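Please keep the sequence and the model in view while reading.

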Amino acid sequence: MEALRQLLQECLQQDLYQIVLSGTRTKGEDAVGKKKIRPVLIKNALCFQTTSYVGKQVFHKNGSARDTEALILADFPAQYKQMQIDTKQFTATVLSGKKGNISIRKKLHGKDGKKQADLSHNRVKRYILEEGRAVPFLVDLGVQTRDGKTVQSRYDKFRQINRFLEFVEDVLDRLPTDRPVRVIDFGCGKSYLTFAMYYYLHELQKRQVRMTGLDLKADVIAACSQLAEKYGYDQLDFVQGDIAAYKETENVDMVVTLHACDTATDYALYQAICWKAKVILSVPCCQHEVNGQIACGALEGALKYGLIRERMSALFTDALRANLLEESGYDTQVIEFIDMEHTPKNILLRAVYTGKKKPCKSRQLAETLHVHTTLQKLLENEKTEQFRQKDGEI
């Protein structure tokens, strides 16, 4: 154990990329499947964020190097069989045998070893879009300077884009490799994420892509179209239009919505469900619909306060959406998108199509809250239409 302790003290500093604890010895729905540790800066102080994966939930905890070392030693080898450490200078694999014996294999990075990330001063995280490497659309959108430095006032946007790409990276295996990946970004706005996804999938992953960004604003669509033409992104197009009225004849593989306002998110999710899109990534926004309806005697003591009513309405809206997605054949997760300190709109719904419809309690929840959401109505109408066609009424 002393050798492991020394190894942890060596790697728990800013040159760490990440530590992954895996091979859990505990079974069950409440068991922590794996843990990831990475360095983060909080108010200019180096800390370490531990991410724990429990079923479909993800939990974060920040601590000092000493606290994180104690946490790891408490878990390994008692709870985990394997630990992978990746730093700027070396990688190490730590294995635990049945009798509790521990083996450590450590490999230093030579001149031809792994590419080292730029971890200068307050940049301690390795991003998919690397700092110090200029990306044309990030420069034109004001996120980077021409020499690849991230503009300080736009660093949150840079971090948001990379965080979103991590979610895309997690579902790569769900996207087709034998034909172009069809992606639609509903409510694309200035299209930071649209360009980022195209660049990541086409330039970095070398995938064939066919992507469309949709938005109501004509000036925004015109500006984005000019940029796509400038970069030679010939399989990326932008269309002015309403999500509810958008028609698509191709097989849609991934539907993205970032801050589509209020019921626009419902229409986007409904479209994705009708297409049986393989992946849905949605960050909802401005959930006013439920706020105007919600009425529950048991919760009245909380709902009478406007701010609490607003936040609870937003959470219940997304809980209903997640349940409806599961009932429509999607394996659905509700994940933290970015830290609360940057934006209160930090929930991401990630849904992967399996075709296995789960019996959830969306109707019971809706009835308890006395709400009837747009997504509920759209799906109910779809079922009614299917029954009518089946019975030969049309």
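## Overview

The model is predicted. The protein chain has 394 residues, of which 47% count as buried. Its secondary structure comes to twelve helices and 14 strands.

Contacts across the sequence can be described as well. Among contacts between residues at least 6 apart in sequence, 66% join residues that are at least 24 apart.

## The nonpolar cores

The largest nonpolar core has 51 residues, and F137 and F195 touch the most other members. Helix 5, which covers residues 192-204, gives the most to this core, with nine residues. Another core lies apart from it and has 22 residues, including L214, I243, A272 and L325.

With neighbours within four places in sequence left aside, F137 is in contact with L129, Y192, F195, A196, Y199, Y231 and Y233.

## Helix 5

Helix 5 is mostly covered, since ten of its 13 residues are buried. Just after helix 5, K206 takes a positive phi of about 60°.

## Aromatic pairs

The structure holds 14 aromatic pairs. One of them joins F186 and Y246: the ring centres are 5.9 Å apart and the planes stand at 80°, an edge-to-face arrangement. This pair links distant parts of the chain, 60 residues apart. F186 is in strand 8 (residues 181-186), while Y246 is in the loop between strand 10 (236-240) and strand 11 (254-261). Both F186 and Y246 are buried.

The rings of F195 and F238 have their centres 5.5 Å apart and their planes at 45°, so this pair is tilted. Because F195 lies in helix 5 and F238 in strand 10, the pair ties together parts that are 43 residues apart in sequence. F195 and F238 are both buried. These two residues also belong to one aromatic cluster, together with F137, Y198, Y199, Y231 and Y233.

## Helix 7

Helix 7 (residues 264-275) has twelve residues. From its first C-alpha to its last it reaches 17 Å, close to the 16 Å expected at 1.5 Å a residue. The helix is mostly covered, with nine of its twelve residues buried.

Which residues of helix 7 are buried? They are T265, D266, A268, L269, Y270, Q271, A272, I273 and W275. One of these, A272, is among the members of the core of 22 residues. C274 is partly exposed, with a relative accessible area of 37%. After helix 7 comes K276, whose phi is positive, near 55°.

## Helix 10

Helix 10 has 22 residues and reaches 31 Å from its first C-alpha to its last, close to the 32 Å expected at 1.5 Å a residue. Its buried residues are M312, S313, A314, T317, D318, L320, R321, A322, L324, L325 and E326. Of these, L325 is among the members of the core of 22 residues. In an α-helix there are 3.6 residues a turn, so residues three or four places apart point the same way.

S313 has its place in helix 10, which spans residues 306-327. Leaving aside its neighbours within four places in sequence, S313 is in contact with V290, N291 and I294. Helix 10 is followed by G329, whose phi is positive, near 100°.

## Cysteines

How many disulfides does the structure hold? The structure holds zero disulfides. C188 is in no disulfide, and the nearest cysteine sulfur, that of C224, is 5.5 Å away. A disulfide requires two cysteine sulfur atoms within 2.5 Å. C188 counts as buried, at 9% relative accessibility.

Definitions and conventions
Residues numbered from 1 in each chain as written. Predicted model: local features only at pLDDT ≥ 70, side-chain atom pairs only at ≥ 80, totals over all residues. Heavy atoms only, no water. Helix = DSSP H or I, 4+ residues; strand = E, 2+ residues; numbered from the N terminus. Expected span 1.5 Å × (residues − 1). Buried < 20%, exposed > 50% of the residue type's maximum accessible area, 1.4 Å probe, protein only. Contact = heavy atoms within 4.5 Å. Core = buried A, V, L, I, M, F, W, Y, C linked by side-chain atoms within 4.5 Å. Phe/Tyr/Trp six-rings, centres within 6.5 Å; stacked < 30°, edge-to-face > 60°.
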